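Please open the model in your viewer and keep the selection panel at hand. The tour goes from one selection to the next, and each stop says what to look for.

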Amino acid sequence: MNITIVSVGKIKEKHMKQGIDEYLKRLSAYTKINILELPDEKAPENLSHTQMQQIKKKEGDRILDKIHPDAYVIALAIEGKQASSEQFAERLGGLSASGKNSVVFVIGGSLGLSDEVMKRADEALSFSKMTFPHQLMRLILVEQVYRAFRILRGEPYHK
């Protein structure tokens, strides 16, 4: 299985980069994983609804340009379905068993994902009803993907 994470916004914090790099290194024993970091749009504090939609559309167009038509797309969104780590592992295992060789996780910018990206997504996944910064979400995602592979292989992993 090839996994791609398409994420809007850069990670500037050294400790976040180190955490992500550590899980990417660990994941290399299980799967090929690629992170595509896309630029975010500058968003002033007080945006109108129309301005918010325009920014999400621009970011969404960039995201969609990076998704192969055959890819299975999982959008990370607060309104998505929540799952335990075991259920998430089972889902990834099921995708692999059904021949889905290319899985793309999408992490939006500070305003979320555009309607077009959500329509393209095969499913929406929520890690919590809370809002997380994209930098932290990327770290949480790579850790959960690593945990999923450990679970699928019956290997021990701390709880």
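**Before you start**

This is a predicted model, in which local features need pLDDT of at least 70 and side-chain atom pairs count only at pLDDT 80 or more, while totals for chains, interfaces and linings use all residues. Residues are numbered from 1 along each chain as its sequence is written, and side-chain values use heavy atoms, with hydrogens and water left out.

**First stop: the nonpolar cores**

Select Phe105, Val142 and Val145, which have the most contacts inside the largest nonpolar core, a set of 29 residues. A nonpolar core here is a set of buried Ala, Val, Leu, Ile, Met, Phe, Trp, Tyr and Cys residues joined through side-chain atoms within 4.5 Å. Buried means under 20% relative accessible area, exposed means over 50%, and partly exposed is in between, with a 1.4 Å probe and protein chains only. In soluble globular proteins, nonpolar side chains tend to be buried together.

Now colour the elements that give two or more residues to this core: strand 1 (2-8), helix 1 (14-27), strand 3 (72-82), helix 3 (85-97), strand 4 and helix 5 (134-152). Helices (H or I, at least four residues) and strands (E, at least two) are DSSP runs, numbered from the N terminus. Helix 5 provides the largest share of the core, with eight residues.

Stay with valine 142 and show its surroundings: leaving out residues up to four places away in sequence, valine 142 touches Ile5, Ile20, Tyr23, Leu24, Leu27 and Ile33, where contact means heavy atoms within 4.5 Å. Another core, of 13 residues, lies apart from the largest one, and Ile63, Ile67, Val73 and Val117 are among its members.

On a 1 Å grid over the protein atoms alone, a pocket is an open set of points where a 1.4 Å probe fits, with protein on both sides within 12 Å along at least five of seven lines, and lining residues have an atom within 4 Å of a point. The volume of the largest pocket is about 530 Å³, a volume being the space filled by probe spheres set on the points, which are joined across faces, edges and corners.

Which element gives the most to this lining? Strand 3 does, with four residues. By class, the lining holds 13 nonpolar, eight polar and two charged residues; Ala, Val, Leu, Ile, Met, Phe, Trp, Tyr, Cys and Pro count as nonpolar, Asp, Glu, Lys and Arg as charged, and the others, Gly among them, as polar.

**Third stop: two single residues**

Select serine 114, in the loop between strand 4 (102-107) and helix 4 (115-120). Is serine 114 buried or exposed? Serine 114 counts as buried because its relative accessible area is 3%, and beyond its sequence neighbours up to four places away it touches Lys56, Lys57 and Gly60.

Then move to asparagine 34 in strand 2 (residues 32-38), which is partly exposed at 37% relative accessibility. Apart from neighbours within four places in sequence, asparagine 34 is in contact with Ile3, Thr4 and Ile5.

**Last stop: charged pairs**

The whole structure contains 11 salt bridges, a salt bridge being a side-chain nitrogen of Lys or Arg within 4 Å of a carboxyl oxygen of Asp or Glu. Select glutamate 41 and arginine 62, whose closest N and O atoms are 2.2 Å apart. This pair links distant parts of the chain, since glutamate 41 is in the loop between strand 2 and helix 2 (49-65) and arginine 62 is in helix 2, 21 residues apart.

Select lysine 42 as well, which forms a salt bridge with aspartate 40, their closest N and O atoms being 3.9 Å apart. Lysine 42 is exposed, at 70% relative accessible area, whereas aspartate 40 is partly exposed, at 36%.
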